[in-house]
Amino acid sequence: MFSVTPFRLRPMRLEDLDAVMAIEGNSFPTPWPRSGYEHELTRNEHAHYQVLLGPDEQIIGYAGQWLVAGEGHISIMAVDPAWRGHGLGEMLLSALIQQAQEAGAERILLEVRTSNLTAQALYQKYQFKEVDRRPRYYRDTGEDALVMTLELNEAGVGEALRQKREALRARLIAGGKEEE
Ligand SMILES: CC(C)(COP(=O)(O)OP(=O)(O)OC[C@H]1O[C@@H](n2cnc3c(N)ncnc32)[C@H](O)[C@@H]1OP(=O)(O)O)[C@@H](O)C(=O)NCCC(=O)NCCS
């Protein structure tokens with residue numbers, strides 16, 4: 001699994017949920033309930049969730065996707081607000097993409113709030129394209145969802161992703177050195 005010292009990813013476990021819920025509460029207008037994660041971790045065979053560990057092995061981010069029928073469907077992704085802006089959201093997204101590629105998926109799909117320009121910029125950086133719009137998808141605000149997809153078998157995508165992964169690795173290593 002993708003790791004650049006001091007950052008590391010590993011599969012999410014039930015005992016991670018206190019830390020996950022704390023970040024969830026600071027990241028979304030309507031946080032997912034703990035029971036939703038419990039269901040995903042124990043009863044959804046298609047669900048794959050990872051946590052991102054920081055220098056003290058503390059949980060500083062997480063992400064998940066459903067891998068089914070040749071598609072990866074990203075369900076969630078968040079970085080602790082104190083750790084944003086350092087390439088860690090990219091690290092999570094890159095790990096999800098790699099996981100989908102290894103599972104033989106043809107595409108990755110996700111929904112994102114129209115107002116969430118930060119996440120949209122991240123997805124665009126990784127060549128996700130807007131393909132659809134789901135009106136009033138989010139019940140809390142009545143906001144639309146943009147549907148974005150990344151076609152993994154499209155010409156040039158594999159190489160572009162490989163280059164991004166290398167650039168990200170260099171960014172994370174340089175960031176680590178700056179902090180020393
Ligand atoms: C979206 C999120 C995961 C990004 O995490 P992050 O660690 O801050 O992002 P990174 O530092 O890896 O940034 C990667 C790219 O995202 C985009 N981005 C990140 N922060 C941004 C900001 N404040 N404004 C605009 N674009 C931004 C940029 O394209 C950036 O690339 P760059 O550094 O080359 O400019 C984080 O903001 C978050 O947890 N938000 C709340 C939860 C959420 O919205 N999740 C996604 C929807 S499910």
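What you have open is a predicted model, where local features need pLDDT of at least 70, side-chain atom pairs count only at pLDDT 80 or more, and totals for chains, interfaces and linings use all residues. Residues are numbered from 1 along each chain as its sequence is written.

**Stop 1: the whole chain**

Show the protein chain as a cartoon. It has 5 helices and 8 strands; both are DSSP runs numbered from the N terminus, with helices being H or I of at least four residues and strands E of at least two. Follow the sequence and you pass through β-β-α-α-β-β-β-α-β-α-β-β-α. The radius of gyration is 16 Å, close to the 16 Å that the globule rule gives for 180 residues, so the chain is as compact as a globular protein of that length. (That radius is taken over C-alpha atoms, and the rule is 2.2 Å times the number of residues to the power 0.38.) Along the principal axes, the C-alpha atoms fill a box of roughly 45 × 40 × 30 Å.

Of the 180 residues, 27% count as buried. Buried means that 20 or more other C-beta atoms lie within 10 Å of the residue's own, exposed means 12 or fewer, and partly exposed is in between, with C-beta atoms placed from the backbone.

**Stop 2: around the ligand**

How many residues surround the ligand? There are 19, and the closest are Arg84, Gly89, Glu90, Ala121 and Leu122. Strand S5 (71–79), helix H3 (88–102) and helix H4 (117–125) are the elements that give two or more residues to this shell. H4 gives the most, with 5 residues.

**Stop 3: the nonpolar core**

A nonpolar core is a set of buried Ala, Val, Leu, Ile, Met, Phe, Trp, Tyr and Cys residues joined through C-beta atoms within 7 Å. The largest one here holds 36 residues, and Leu52, Tyr62, Met91, Leu92, Leu96 and Ile108 touch the most other members. Among the elements that each supply at least two residues are helix H1 (17–25), strand S6 (107–113) and strand S8 (143–151). The largest share, 8 residues, comes from H3.

Click on Ile108. Not counting residues up to four places away in sequence, its contacts are Gly72, Ile74, Ile97, Ala100, Thr149, Leu150 and Leu152. Two residues are in contact if their C-beta atoms, placed from the backbone, lie within 7 Å.

**Stop 4: strands side by side**

Strands pair if DSSP finds at least two bridges between them. S3 and S4 run antiparallel, joined by 7 bridges, and Gln50 stands opposite Ala63 in S4. S4 and S5 are antiparallel too, with 8 bridges; look for Gly61 opposite Val79 and Trp66 opposite His73. Does S5 run parallel or antiparallel to S6? Parallel, with 4 bridges, and His73 has Leu109 as its bridge partner in S6.

Stay on S4 for a moment: 7 of its 10 residues are buried, so S4 is largely enclosed by the rest of the structure.

**Stop 5: Met12**

Select Met12, in the loop between strand S2 (7–11) and H1. Is Met12 buried or exposed? It counts as buried, with 23 C-beta neighbours inside 10 Å. Met12 and Val51 are 39 residues apart in sequence, but their C-alpha atoms are 5.3 Å apart in space. Leaving aside neighbours within four places in sequence, Met12 is in contact with Val20, Leu41, Tyr49, Gln50, Val51 and Tyr62.

**Stop 6**

Finish with the backbone angles. The peptide bond from Thr5 to Pro6 is cis, with omega near 5°, and Pro6 is in the loop between strand S1 (3–4) and S2.

Glu57 has a positive phi near 65° in the hairpin of S3 and S4, which has 5 residues between the strands. With 10 C-beta neighbours inside 10 Å, Glu57 counts as exposed. In the hairpin of S4 and S5, with 2 residues between the strands, Ala69 takes a positive phi near 55°. Last, find Arg136 in strand S7 (residues 129–138): its phi is positive, about 50°, although it is not a glycine. Arg136 is exposed, with 10 other C-beta atoms within 10 Å.

Note on methods. Near = placed C-beta within 6 Å.
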